[in-house]
Amino acid sequence: MAKEKIEKIVNIKNKRASFEYQFLDTYVTGIMLTGTEIKSIRQQKVNLQDAYCYFHDNELFIKNMNISKYSEGTYYNHDPLRERKLLMKKNELRKLENKLDDGLTIVPLRLFINDRGLAKMEIALARGKKLYDKREDIKSRDVSREMARERY
């Protein structure tokens, strides 16, 4: 008898990023993790709110991504706020680094586990929104909500 594998869908989103930034390009990357980190991710104990990506020696790292300590972990547990390396092909990294200029940043959008069981992160090349851009977004959301109410 084969055991049935119960899959729990992991899809952790950075909801604040779409409000704060305008996305130009999106990429999917892998992440270098330790054993207790992947177990915490499967329990969905991750916070992406303050996370951002940066380049160091032509490698891409993510900083301030909080992966809570694994509850069953012993002294092998990880540091929740450690910097983690993002895995991309060299030519993609080079293109992304060349696109970075004044006012652009790389923000994480979501963290998910793919069908092979590997943790992946969707990142975006983004430009920060001004206050009036945020107001326009709120206004358009309200208008579309009102139109949807009137239809029903």
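The notes go from the whole chain to single side chains.

**Ground rules.** I am working with a predicted model, where local features need pLDDT of at least 70, side-chain atom pairs count only at pLDDT 80 or more, and totals for chains, interfaces and linings use all residues. Residues are numbered from 1 along each chain as its sequence is written, and side-chain values use heavy atoms, with hydrogens and water left out.

**Overall.** I counted secondary structure first, taking helices (H or I, at least four residues) and strands (E, at least two) as DSSP runs numbered from the N terminus. The protein has four helices and nine strands. Their order from the N terminus is β-α-β-α-β-β-β-β-β-α-β-β-α. The C-alpha atoms fill a box of roughly 55 × 45 × 30 Å along the principal axes.

I then looked up burial (buried is under 20% relative accessible area, exposed over 50%, partly exposed in between; 1.4 Å probe, protein chains only). Of the 152 residues, 32% are buried. For contacts I used heavy atoms within 4.5 Å. Among those between residues at least 6 apart in sequence, 67% join residues at least 24 apart.

**Helix α2.** Which residues of α2 are buried? In this helix, residues 35–42, I found Thr-36, Glu-37, Ile-38, Ser-40 and Ile-41 buried. Their cover includes β1 (11–13), β3 (46–47), β6 (66–67), β7 (84–87), β8 (104–113) and β9 (119–128). Just after α2, Gln-44 takes a positive phi of about 60°.

**Aromatic pairs.** I searched the whole structure for ring pairs (Phe, Tyr and Trp, the last by its six-membered ring; centres within 6.5 Å; planes under 30 degrees apart are stacked, over 60 edge-to-face, the rest tilted). The search gave two pairs. Tyr-52 and Tyr-54 form a tilted one, 6.4 Å centre to centre with 45° between the planes. Tyr-54 also pairs with Phe-61, and this pair is stacked: 6.0 Å centre to centre, 25° between the planes.

Phe-61 counts as buried because its value is 16%.

**Charge over a ring.** My cut-offs here were NZ of Lys or CZ of Arg within 6 Å of the ring centre and within 35 degrees of the ring normal. Arg-110 lies over the face of Phe-112, at 4.2 Å from the ring centre.
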